[in-house]
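Me: I would like to go through this structure step by step. Please keep the answers plain.

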Amino acid sequence: MKLKVKDMTFIALFAALMCVISPFSLPIGPVPISLATLVVYIVASFLDYKRAPVVVLVYILIGICGLPVFSSFSGGIGKIIGPTGGYIIGYFFLAIIESVLITIFRKKKWVYPLAMIAGTLVLYIFGTAWFMVLTEYSFTKAMMACVIPFLPGDALKIIIATSLSITLREKYDHFVYVGNTNAQIEEVEDSDSEDNLEDSK
């Protein structure tokens with residue numbers, strides 16, 4: 001993947017946005033309600049499958065370095081290897097799944113919420129499995145602590161992110177590809193795909 005200056009600029013901006021918003025959380029149990037998922041939803045709906053995961057990876061690495069960018073303004077490697085670390089790592093998988101689906105079906109509005117739901121499902125599975133291994137919680141107890149309380153909030157986040165994405169995605173594309181027509185934008189995306197194939201050879 002060849003990152004241009006404009007790509008790196010947007011990756012840095014979205015990573016900074018994630019670092020600023022994600023620490024705000026509401027502690028309701030072993031896993032706090034965090035705004036991080038909302039930011040990931042938005043990032044993965046604007047950036048494609050090559051760039052959105054990079055934003056999340058940058059965010060995770062910044063947190064590992066000790067900066068207070070995780071929930072409740074925490075940071076450090078201890079947060080990653082702790083019981084809730086699977087959810088932080090799960091943001092990466094959420095970003096991949098959502099951005100892949102939206103990149104493929106970018107013009108289909110219905111794909112935005114479905115992509116977010118699919119990514120969230122993987123986030124729940126990975127994060128909850130990690131939590132169960134480290135805490136020895138039963139499946140039912142883990143579901144009650146780590147999944148059920150978050151369903152209404154995540155549903156609301158998906159509604160908000162979907163509304164923002166559908167409203168602003170086209171404007172974002174035109175801003176990124178200034179002066180390009182839709183056909184030219186698709187040509188750029190096809191060119192990126194060809195670069196991937198060449199890199200893999």
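**Burial, a surface patch and helix pairs**

Reply: The model is a predicted one. S165 has a relative accessibility of 0%, so S165 counts as buried.

Me: Which helix holds S165, and how far apart are the C-alpha atoms of S165 and Y112?

Reply: S165 sits in helix α8, which covers residues 151-176. Along the chain, S165 and Y112 are 53 residues apart. Their C-alpha atoms are separated by 7.9 Å.

Me: Is F105 buried, partly exposed or exposed?

Reply: F105 lies in the loop between α5 (85-104) and α6 (111-135). Buried means under 20% relative accessible area and exposed means over 50%. F105 has 35% relative accessibility, so F105 counts as partly exposed.

Me: Which residues make the nonpolar surface patch, and what is its area?

Reply: F105 is one of the residues in this patch.

Me: How are α5 and α6 oriented to each other, parallel or antiparallel?

Reply: The axes of α5 and α6 come within 8 Å and cross at roughly 155°. Angles over 145 degrees count as roughly antiparallel. Therefore α5 is, relative to α6, roughly antiparallel.

Me: What is the handedness of the crossing of α1 and α2?

Reply: Helix α1 spans residues 5-21 and helix α2 spans residues 36-46; their axes come within 9 Å and cross at roughly 165°. That angle makes α1 roughly antiparallel to α2. The crossing of α1 and α2 is right-handed.

Notes:
Residues numbered from 1 in each chain as written. Predicted model: local features only at pLDDT ≥ 70, side-chain atom pairs only at ≥ 80, totals over all residues. Heavy atoms only, no water. Patch = residues over 30% accessible without salt bridge, like charges linked within 9 Å, V, L, I, M, F, W, Y side chains within 5 Å. Areas by Shrake-Rupley, 256 points an atom, 1.4 Å probe, with all protein chains shown as cover. Salt bridge = Lys/Arg side-chain N within 4 Å of Asp/Glu carboxyl O. Helix = DSSP H or I, 4+ residues; strand = E, 2+ residues; numbered from the N terminus. Buried < 20%, exposed > 50% of the residue type's maximum accessible area, 1.4 Å probe, protein only. Axes fitted to C-alpha atoms, helices over the stretch in contact; angles between N-to-C directions. Parallel < 35°, antiparallel > 145°, perpendicular 65-115°, else oblique. Left-handed = near helix turned anticlockwise from the far one by under 90°.
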